[in-house]
Amino acid sequence: MSQQGYVATPPYSQSQPGIGLSPPHYGHYGDPSHAGSPPGMMKPAGPLGAAAPGGMLPQGPSPPGPQQFGQNGAHAQGHPPQRFPGPPPVNSGAPSYAPYSPSTQSSYPSPASTASVTQMASQLNAMHINSYGSGMAPPGQGPPGPPSAPLFQGLPRPPQPSIMQPGSQVLPPPPTALNGPGASPLPPSTHRQDGLPGPAPLNAQYQPPPLPGQTLGTGYSPQQGSYGPQMAGGQLSYPGGFPGGPAQLAGPPQLQKKLDPDSIPSPIQVIENDRATRGGQVYATNSRGQVPPLVTTDCVIQDQGNASPRYIRCTTYCFPCTSDMAKQAQIPLAAVIKPFATIPSNETPLYLVNHGENGPVRCNRCKAYMCPFMQFIEGGRRYQCGFCNCVNDVPPFYFQHLDHIGRRLDHYEKPELSLGSYEYVATLDYCRKNKPPNPPAFIFMIDVSYSNIKNGLVKLICEELKTVLEKLPKEEQEETSAIRVGFITYNKVLHFFNVKSNLAQPQMMVVTDVGEVFVPLLDGFLVNYQESQSVIHNLLDQIPEMFADSNENETVFAPVIQAGMEALKAADCPGKLFIFHSSLPTAEAPGKLKNRDDKKLINTDKEKILFQPQTNVYDSLAKDCVAHGCCVTLFLFPSQYVDVASLGLVPQLTGGTLYKYNNFQMHMDSQQFLNDLRNDIEKKIGFDAIMRIRTSTGFRATDFFGGIFMNNTTDVEMAAIDCDKAVTVEFKHDDKLAEDSGALIQCAVLYTTIGGQRRLRIHNLSLNCSSQLADLYKSCETDALINFFAKSAFKAVLHQPLKVIREILVNQTAHMLACYRKNCASPSAASQLILPDSMKVLPVYMNCLLKNCVLLSRPEISTDERAYQRQLVMTMGVADSQLFFYPQLLPIHTLDVKSTALPTAIRCSESRLSEEGIFLLANGLNMFLWLGVSSPPELIQGIFNVPSFAHINTDMTTLPEVGNPYSQTLRMIISIIQQKRPYSMKLTIVKQREQPEMVFRQFLVEDKGLYGGSSYVDFLCCVHKEICQLLN
């Protein structure tokens, strides 16, 4: 039975510059002939003609034709009522809010004016903005407006609910040069096989389009008799659905319309539909290969034999039986694993299994741990391993009789037999040097160079440490934390402090030989905070004064890490370094860096150098850190280039976190920094970890992405791993998979707890296997696919030109969808784009990834910001990458102050904003409150406690506490959004039509980027074109 997908026909009223791509590249950054290259090596993509047009970079001026649409396509659509319950726009012939109408584009400085670029760059710096739009032709090439968008003739269609057959939905085919702009061919209503009425008959197509601000009437007469096969008439005129030339030159101009954004798949609709069907329910993990609710849906997860999706999500929950099928579909087979994910209080925490000196029961051959996939036989005396099929003897201590269905009598009493996730207490064989580990230590390392003392940062850190040290993480049953603490300050030299509890005053020891760092004291450096509290407070009070007169501006960096690692090594314990640093390390020492920020490399094949570390010192330092269980977390406070690509390498490879606060200003940024510091110190974390992924026969883990280090092809080593870090694992076939036995995955993490206990954390997941491509597509998860594509692309950035990477991504998107179209969808006209239900929003998310500043440079985004975002994404879980690439945009002016639920989000496009509205946008790093010029005064009074729009101070980064329901509800919404996210988001207040709005607009990811990057509608056209080329 062929499965019908989502159907849509984007317009091509003109050929699009820069979107035709070179011949398909296959697979991951390489073609099939390179399939066998070892993991970790990047292959050059297939032959690239020199003339291959740029991935998504339209070069030069845009083609002739009316420059009819502003940055956001069709504003004239007004605001569809079902998405946006705000005050209805005025019905007037003019667009409902002039400043965005295309005619007044000049109300913004044109992107071609370099002044605005510099201005924006300084703003971005001040606001720590990561950015979204992307690099079109550099300013100065081509006209200031966006490249002309493909125009669409004929009526816009009313919003269509996605409730047809598996997601099928139809859009009218594009107009063509041959059938003229008015006479749309017969609409393909055959695809809505549930018989919803199609669009109007042809004569109705001549009604003029509705005025801006009006929504369409429902007076469509159903098209009679068009439910049979599609008539060929309308199709003949454009084989493949691509008109020969620009159609917009002919015909009455008032009929020229762009494809209605409401008729293409909406991420918000998909998220809301999943919430409506699965939100608030119990999701039991008892069957193999079931697709979990989306990451955006809140539900209660009950472990019944497979790991919770909070721990493991897959790109598809049904693997193809053969590698040929996998190559045909090109859907990556991958899992995003977050072994320490936070579990909400209404779900059961992991059980701890303790077999005493016997240790965990494991398969003799493949070493898999006892789990629900083991089959007991011979009355319970032996068991067959689900992974390698080896038959093992059951150890005598573990023996239990079987019941009438061959299940052990103690099945439900043993977590490892009945649950997908659990922990084992590890025996001494699993410990370094076969002895129990010591509890971990935290070392705080503060850069006391001139600028940090002067701007008050050192004092702020010292004050805050007094508070956070009270909250060091501890084992649940313990009174106090077992973690020991130590303190180092540094500029060109290092200062170690003895804070032993019996001292009246802390003692300082200086190490000036930064080339060969040694630890000058052992006893008294790492101490128990409770015991040494008074000495530590004394020290924290003294540090800012001690260096108050220092004029030293040069700093070292690698020796600081080296010192921390040596201290942990000497104390024979794992641990974490918290480094507070602010400048490029230019002092003479290992790891010294020079400023190599070169804008001339952007958009050349050498751009990748900007993402690579300058020196290999940091790589070998990271390797040593991992070997000694030393995790590095770095808080950066740069006021200029600091080479994040080099400084951030050790935090990334050791499982640490990088935080960055550009142009740190005490009054504006201290809250964000303090929240991050508190959160980082308190979060759940495992130290000195090794992760192993085992699979059943027929496939294996080949590639790993994340904050990890690998000395061989199987052991994923992490100096530490916390509750926010995910590792993405790609699988490849090495044989056939059987439909009846499925595909099994076991993730085992060996680690040391904060109390110093060695444990094994096990997560098991069983997936289906099928020889039908339709089953594979039915079980995909788009959010996990985007996480995988982002990480594999961001890893490739180090080795390949960005243009090639973007082309591969577009190509693979088209390939996946073309394979579905060819093998799984009902036959239909070539002019239609058909998307599988599970991938309806793949194009919009993929376009967001392509526009991210890592893959598409923009003049106002610094090299450091790009390296920073690249690093953050490499360790993100699925929920974080979903929000990062497609931000959440909430209407605030329609708040129901009595409800505790978040308002329904709207799509990230400027056409969804209204000048009477107030909107909140968040992407996990930044948060904006956008205020329309006509925002209701009572709301402004309620939120800001000022009388009008003009009185609002846009410098504030936290909302004032005004004692009324609006203020309380909005602050509650902000804290709910913030709660689940690893980074504290700084709030930026943005007023409509003021300069900072340019920054905000880059997050409206469905629109054209200010400096390039397609709009969602244009990208859908581009992908459709690629699909048609593949199918022809």
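Here's a quick tour of the charged pairs, cysteines and a surface patch in this structure. Keep in mind that the model is predicted. A search of the whole structure turns up 42 salt bridges, while the count of disulfides comes to zero. Side chains of opposite charge can pair when their charged atoms come close.

- E607 and R866 meet through their side chains in a salt bridge, at 2.7 Å from N to O. E607 sits in the loop between strand 19 (575–581) and helix 10 (617–627), and R866 sits in helix 18 (residues 863–874), so this pair ties together parts that are 259 residues apart in sequence.
- Are these two buried or exposed? E607 is buried, with a relative accessible area of 3%, and R866 is buried too, at 2%.
- K986 and D669 also form a salt bridge with their side chains, at 2.7 Å from N to O. Here K986 belongs to strand 32 (residues 986–991) and D669 to helix 13 (residues 666–682), so the pair ties together parts 317 residues apart in sequence.
- Both K986 and D669 are buried.

- The side chains of E566 and K569 make a salt bridge of 3.7 Å, N to O.
- You'll find both E566 and K569 in helix 9 (residues 558–571), three residues apart, which is about one turn of the helix.

**A network of charges**

- Salt bridges can link up into a network, as they do for K576, D680, K683, D722, D724 and K725.

**Cysteines without partners**

- The disulfide count is zero. C318, for one, is in no disulfide: the nearest cysteine sulfur, in C769, is 6.6 Å away. A disulfide needs the two sulfur atoms within 2.5 Å.
- C318 counts as buried, since its relative accessibility is 4%.

- M508, V510 and M546 make a nonpolar surface patch of about 240 Å².
- One of these residues, M546, is found in helix 8 (residues 533–546).
- With 35% relative accessibility, M546 counts as partly exposed.

Key:
Residues are numbered from 1 along each chain as its sequence is written. This is a predicted model: local features need pLDDT of at least 70, side-chain atom pairs count only at pLDDT 80 or more; totals for chains, interfaces and linings use all residues. Side-chain values use heavy atoms; hydrogens and water are left out. Buried means under 20% relative accessible area, exposed over 50%, partly exposed in between (1.4 Å probe, protein chains only). Patches are made of residues with over 30% relative accessible area and no salt bridge: like charges are joined within 9 Å, nonpolar side chains (Val, Leu, Ile, Met, Phe, Trp, Tyr) within 5 Å. Accessible areas come from the Shrake-Rupley method with a 1.4 Å probe; for residues, only the protein chains shown count as cover. A salt bridge is a side-chain nitrogen of Lys or Arg within 4 Å of a carboxyl oxygen of Asp or Glu. Helices (H or I, at least four residues) and strands (E, at least two) are DSSP runs, numbered from the N terminus.
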